[in-house]
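I opened a new page for this structure. These are my notes on what I looked up, entry by entry.

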Amino acid sequence: MQNIDAYTIKHTKIKSVDLMEQAANAFVSAFAQEYDNKNTGIVIFCGLGNNGGDGLAIARLLLAKNYTNISIFLTRFGSKQSDDNKENLKRLQEMNFQVEEINDVNEIEIIKPDLIIDAILGSGLNKPLTDQYAALAKLINDLAVKIIAVDVPTGFKTEGEILVDYNGVKADLVICFQRPKINFFFPESSIAIKRFKVVDIGLDEAYINTQPTDYKLITSEDITKLIKPRVHFTHKGTYGHALLIAGNTNTMGAALLSANACLRAGAGLTTVCLPQSGLTALNITMPEAMALPREHVDFKSLHKYNAIAIGPGLGFDDDNLIMLKKVIELQKPLVVDADAITTLSNNKNLLKNLSPQTILTPHVKEFDRLFGDHENWWQRVQTAQTKAKELGIVIILKNQYTFICMPTGEICINQTGNPAMASGGMGDVLTGILVSLLAQGHAAKEAAILGVYLHGKAGDELAKDSFCVSASQVVLQLPKTMKMSMD
């Protein structure tokens, strides 16, 4: 981002202080949408660097918007002050606004604001806070008021392993500039960030998109380009035949959810390979789906399917291991989920035989069973990236923000989905969507991006009017979400 700042300044002929002004304006606009009470008691803590310069500019712009109850503390814990910081301090002083400068946290008298804006340290920090900075972060956190951070909470490491003993500022909201930081997407970030918003500050988007990085954000524009519209003179054969090997005596619901999702994601034909005991349930709830009794499977006949998914509610008996081996031998586009992942983790020699069009969809415990224990999510994503490249497959590491690791080394981050979706069966639905997209002719990379995005987006649409969302609701919403995503 520093390089992009410099490029924007050079090629758009904008001064760095004016780019800072744009960032401050963007912050204030987002802030005003959240906190529109002009009498709100606001304390702004600013450092001596450019993050502090942002804070000083924000203070001036808030005053111009008639936020009158503002106090500003400039922390002089070091001697180096950036030029843009100096300029924005000067602009405030020319308004005859008093900025209290502090050299020691103990100089701060008792304050009782309604909220705090944290503009002390920016994104360059890569070690825990010490001395005065650590003491100030503790003081801010102990005030137990709303905290809004400028770009990044003071003390938060924006890339790399997030320390368990984090001692920085704990923000209720981070208003960050142009792009979220990579570490915002890891579960461990919740110790420092409850929520974040991204604001456009006018950096050169074309140049940003040329930067070499393994990390890519999935956008709605990507989805619009990837969804294949239904055209005249197509028929059920056009949209592929998907096979789901799923369900067991006590876990038939997983098979039904997955099959229903497959149907509604657009597969031309859906067949469910399930125990004889599940046929009645399948026929009653889903007459559109075909059944393949698992007790009578002819493995040679499985070649006719365009894509196969295996795992939801499958169980762990020896017959299922044989089934998994046979399916892998087919070298068809394949989704491996749930119990099949656990079976794979107990038979890791099978990993090297997976077809290049394979998608693995582990949750955190399944991932660690498959690839070893990890201390944090940063480590897991690095392992997933390595294994996806090594095995030549796609690995979807599921969480609030899902990481899709590609055989190319790319890590695509999905931002759709929400806590309302934290209920059973969601993974089964995702598997059904993925195998449907594979059957329709999407490559594994495309199917993974589309499937994860649409799954989460359907949940987002439902969560607008609901406290919690069920897997069955997501299935029903799915075709509407797909249609909307095409427009």
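**Entry 1: Aromatic rings**

I began with ring pairs and found that they link Phe-156, Tyr-166, Phe-184, Phe-185, Phe-196 and Tyr-401 into a cluster. For the record, rings of Phe, Tyr and Trp (its six-membered ring) pair if their centres lie within 6.5 Å; planes under 30 degrees apart count as stacked, over 60 as edge-to-face and the rest as tilted.

I note here that this is a predicted model, where local features need pLDDT of at least 70, side-chain atom pairs count only at pLDDT 80 or more, and totals for chains, interfaces and linings use all residues. Residues are numbered from 1 along each chain as its sequence is written, and side-chain values use heavy atoms, with hydrogens and water left out.

How many aromatic pairs does a search of the whole structure find? The search gives 17. One of them is the stacked pair of Phe-45 and Phe-73, at 5.1 Å centre to centre with 15 degrees between the planes. This pair links distant parts of the chain, since Phe-45 is in strand S1 (residues 42-46) and Phe-73 in strand S2 (residues 70-75), 28 residues apart. Helices (H or I, at least four residues) and strands (E, at least two) are DSSP runs, numbered from the N terminus. I looked up accessibility too, and both Phe-45 and Phe-73 are buried. Buried means under 20% relative accessible area, exposed over 50%, and partly exposed in between (1.4 Å probe, protein chains only).

I then turned to Trp-377 and Phe-403, whose ring centres are 6.5 Å apart with planes at 35 degrees, so the pair is tilted. Trp-377 lies in helix H13 (residues 377-391) and Phe-403 in strand S16 (residues 402-405), so this pair ties together parts that are 26 residues apart in sequence. Both Trp-377 and Phe-403 are buried.

**Entry 2: Charges over rings**

I looked for charged ends over rings (NZ of Lys or CZ of Arg within 6 Å of the ring centre and within 35 degrees of the ring normal). The charged end of Arg-230 sits over the ring of Tyr-239, 3.7 Å from its centre. That of Lys-326 sits over the ring of Phe-299, 5.9 Å from its centre.

**Entry 3: The sheet**

I traced an open sheet of 10 strands in the order S8-S17-S16-S15-S14-S13-S12-S9-S10-S11, with mixed pairing. Two strands pair if DSSP finds at least two bridges between them. Which strands stand at the edges? They are S8 (215-217) and S11 (290-293), each with a single partner strand, so one side of each is left without a neighbour in the sheet. On average, neighbouring strands of this sheet are turned by 20 degrees against each other, direction ignored. Axes are lines fitted to C-alpha atoms, for helices over the stretch in contact, and angles run from 0 to 180 degrees between N-to-C directions.

Strand S16 is joined by 4 bridges to strand S17 (residues 411-414), and the two run antiparallel. In this stretch I saw Cys-405 standing opposite Ile-411 in S17. Helix H10 (residues 318-330) packs on the sheet, touching strands S9 (241-245), S10 (269-274), S12 (307-310) and S13 (334-336). The direction of H10 makes about 155 degrees with that of S12. Contact means heavy atoms within 4.5 Å.

**Entry 4: An annotated site**

I checked the UniProt record, an unreviewed entry, which places the feature "binding site" at Asn-51, Asp-118 and Thr-154. UniProt positions are given in the numbering used here, feature names are shortened, and annotations may be inferred rather than shown by experiment. The three span 104 residues in sequence, yet no two of their C-alpha atoms are more than 9.5 Å apart, so they gather at one spot.

Asn-51 is in helix H3. Is Asn-51 buried or exposed? Asn-51 is buried, with a relative accessible area of 7%. Leaving aside neighbours within four places in sequence, the contacts of Asn-51 include Asp-118, Gly-122 and Asp-151.

**Entry 5: Positive phi**

Most residues other than glycine have a negative phi. I noted Asn-66, with phi near 75 degrees, a positive value. Asn-66 is found in the loop between helix H3 (50-64) and S2, and is exposed, with a relative accessible area of 51%.
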